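Thanks for coming. I will go through one model this morning, starting with how its chains meet and ending with a single residue.

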Amino acid sequence: MTQTIIEFKNVTKSYEETQVLTGVDLTIEAGKFYTLLGPSGSGKTTILRLIAGFSSATSGDIIFDGKRINDVPANKRRVNTVFQNYALFPNMNVFENVAFGMTLKGVNKAQIKEKVTTMLEMVQLAGYEDRSIDELSGGQQQRVAIARALANDPEVLLLDEPLSALDYKLRKDMQYELRELQQRLGITFIFVTHDQEEALAMSDWIFVMNEGKILQNGTPVDIYDEPINHFVANFIGESNIIDGVMREDYKVMFAGKEFENVDAGMRPNERVEVVLRPEDLDLTTPENGKLIVTIDAQSFRGDYYEISAHDDDNNEWRIQATNPSVLNSRQGLTFDPEDIHIMRFDESEDDFDARLENYEE
Amino acid sequence: MKNRLFYFIPYSLWLILFVGAPIVLMLGESFLSISHHFTLANYQDFLGSGTYLQMTFNSVWYAFLITLITLIVSFPTALFLSNLKYKQFWLLLIILPTWINLLLKTYAFIGLLSKDGSINHFIELLGFAPQQLLFTEASFVLVAAYIEIPFMILPIFNSINEIDRSLINASYDLGATKWQTFRRVILPLSADGIRAGIQAVFIPSLSLFMITRLIGGNRVITLGTAIEEHFLVTQNWGLGSTIGVVLIIAMIITMALTRERKKRGRK
Amino acid sequence: MVEKQSRWANVYLVIMFLILYSPIFYLIFYSFNAGQYMQNFSGFSLVHYGELFADDRMLQIVLNTFVVALLSSLLATIVGTFGALGIFSVRNSFLKNLLLSLNNILLVSPDVIIGASFLIFFTLLGLSLGFGSVLMSHIAFSIPIVVLMVLPKLNEMNSSLIDAAQDLGANSWQVLTRVILPYLTPGIAAGFFMAFTYSLDDFAVTFFVTGNGFSTLAVEIYSRARQGVSLEINALSAMMFLISLALVAGYFFINQHNTTRKSKKGRGRG
């Protein structure tokens, strides 16, 4: 059974004139890995700061474990934060940083020592107790920051873009480690990032945000396969987004042709946007193709070729292919009905869910 | 932060008592006669008598000379220093004399410049008759310039040192000569340092009174000497404060003229 | 990167250093003169140092000077540090700039103005001139420099350090004493140090606000120098020069300590 630990009810936040959160509702369940994903300025860090207690909501309720905590100061909340720049105290060594929260509570020395040792082992920094912060690499500082936050036994760990300062390889490693750590400890992680790959790789549940709103939330697979609108489709993964018309249920027209698909529940002849992921597209001979395209450019990407092409209706197509193609040649383009995803204009997440439920029954 | 008020109590007390009150009091005092009645007589005295206006003019003139000499001597020093290998160390050596009490340095010049002093010995060696050096305007200006040199070098050095080396290389790369690079790149980019240096030298030079007394004798009277005279010798605080107000105005004008220019596209 | 300089540039620098230092060394040189004047060196002698150490009045004044410097810089450091914390906490940029301008008034004001206006102020309060008035004046003109030394440290401090401390359970007092003040220590030390040297160096302000009974070194040297040369002052300046050297070394050490910390951090990030 899952249990709700944090809830936002119509929370808004404004700084003087500008509104950074517009009526956010969200529910966080205990023991899962959540990600707030969005471009900078989307309000994701604001949500984190509201949960941590560094800033207070302009209106709405923030509920933690059934109690409204809007007015509880940060130092009285059972959440801890891993900061973007780690925020390690430069005047203390590794041990003192990790022990900081416990010394404030007046935990006895032996217990502190034991706990610090355990924490440092957990983040693979055993033996680093006496190092000064200056001597650590970025990755090591990151681990100390995680150990320091977890040493306080939080119920929820907040991570504010903690991997953004690390190089690519280290970031990949840390993604696995964080995921593994969360599963082992079983506490709730709320992770903020603007990196969609990171979000897809680590999370149980993703909130996609833009301009102070949550646009869509769901599992990584849901969000990738069924983006609710143009923004989400574009922000998560690469997409071909083409204007089309929904003739009737299970029939969509785009690029001058009619195709069979699996979406329904729209008005007849409703204007829509059609999403096709580059990896779902295949090149074939013109006779076998559902569409005919002309190859414009291609580049080698290691595990695939990225090919760009245009059809006779002058729509741009991005295709990921395992084999190279011939420039300026005419090729067939195929895809399956399930690969076509339809997005309505201005459909809210609730309507979207309702429609999905209706026709999937 | 909730502690804000608590932090501010001692500091704002200081602001009120030692920054606000004294200036207001001095302004008020300048409108008081010796018998503590409101009067404009001090300003009438100051503006009406040629002596005070002449003295103000002299004071500004001396300060101008001191600043000019310091600037001419300091700019090349700052420029050459910035090219040295251990420049921070050499800079420290330039600053070191400022840590020695001003009085001691001035006192050294009493010995150096006296009738029987080393400089006169040197002049005699060259075959000239010994000169009266102490208690002349020239010696006052030179000693004051000596004292102020480090305060001019420091800001100029800092601004030159901040210039990105690649700008200078870019200038050469685009075909500029050494002189053109200096004129068109280094000099404009160090302008803020020069302004700061002028500010740091000109204002104190207006108000020197210790050097005027010890080196200039009674031949040189600056605004500073006049204030000291009225406060501590003749006890005419009203007139002293009036001269003080004039000095404050001169200071504000100097600062307005030398304040850092907004960095905008300059031609 | 360093371009080779022409020989003339270096000659120029050598002459500059000679000019800057010759009066000081001239002064020290004659402190060892067996004669009575700052000319005609007539043989090495420590007689003027003997005079200096036998001069109880002078020693008392040296002591006064250091007591005033120590007390004033200590108190100015406390007030100035709180002031910096206060200014830092102001979010309104107009108010902040106003406070900074007010802070700097005493730094740019000519000494005579500070001295004369303080004299009016103390007289109005009915305060007798002497140790108290000198001490208060020194505290007053040292506070702004402390603020200027502490404020950059505060500005460079990452605000998430404060968030982190609160996040880990620290209350406001604990945030201040355990995180902010330790972080500011180098700035506070530099401020204290500058305040100390400001106080030691001051002549004009003290000259105005000191009464008859109390004197500091600078004021004493002034009144003696007006009466003519006395090589005891040369001996004193030699001693002061040594103290200045020690202070500079101390300041250099503090600075060096700060910068190495910083550069190390830079490397750690790389």
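Buried area here is the accessible area, taken with a 1.4 Å probe, that two parts lose on being put together, summed over both. By that definition, chain C and chain B bury about 7300 Å² between them, 78% of it on carbon and sulfur atoms. L20(C), I120(C) and F121(C) supply 9% of the area that chain C buries against chain B, more than any other three residues.

Before going further, the conventions. This is a predicted model, where local features need pLDDT of at least 70 and side-chain atom pairs count only at pLDDT 80 or more, while totals for chains, interfaces and linings use all residues. Residues are numbered from 1 along each chain as its sequence is written, chains are lettered from A and ligands numbered from 1 in the order in which they are written, and side-chain values use heavy atoms, with hydrogens and water left out.

Back to the interface. With contact meaning heavy atoms within 4.5 Å, 81 residues of chain C are in contact with 78 residues of chain B. Helix α1 of chain C, residues 7-31, gives the most to that side of chain C, with 13 residues; helices are DSSP runs of H or I, at least four residues, and strands are runs of E, at least two, numbered from the N terminus.

How many salt bridges are there between chain C and chain B? The count is zero, a salt bridge being a side-chain nitrogen of Lys or Arg within 4 Å of a carboxyl oxygen of Asp or Glu. Nine residue pairs, both at pLDDT 80 or more, are in polar contact across this interface. A polar contact is a pair of N or O atoms within 3.5 Å; within protein, one must be able to donate a hydrogen and the other to accept it, and residues adjacent in sequence count only if both atoms are side-chain atoms.

Of the two pairs of chains in contact, chains B and C share the most contacts. Chain A and chain B do not touch, and their nearest C-alpha atoms are 12 Å apart.

Last, one residue of chain A. E279(A) sits in the loop between β14 (270-276) and β15 (282-284). Why is E279(A) classed as partly exposed? Because its relative accessibility is 33%, and that class lies between buried, under 20%, and exposed, over 50%, with a 1.4 Å probe and protein chains only. Leaving aside neighbours within four places in sequence, E279(A) is in contact with Y224(A) and Q320(A). The side chains of E279(A) and Y224(A) are joined by a polar contact of 2.4 Å.
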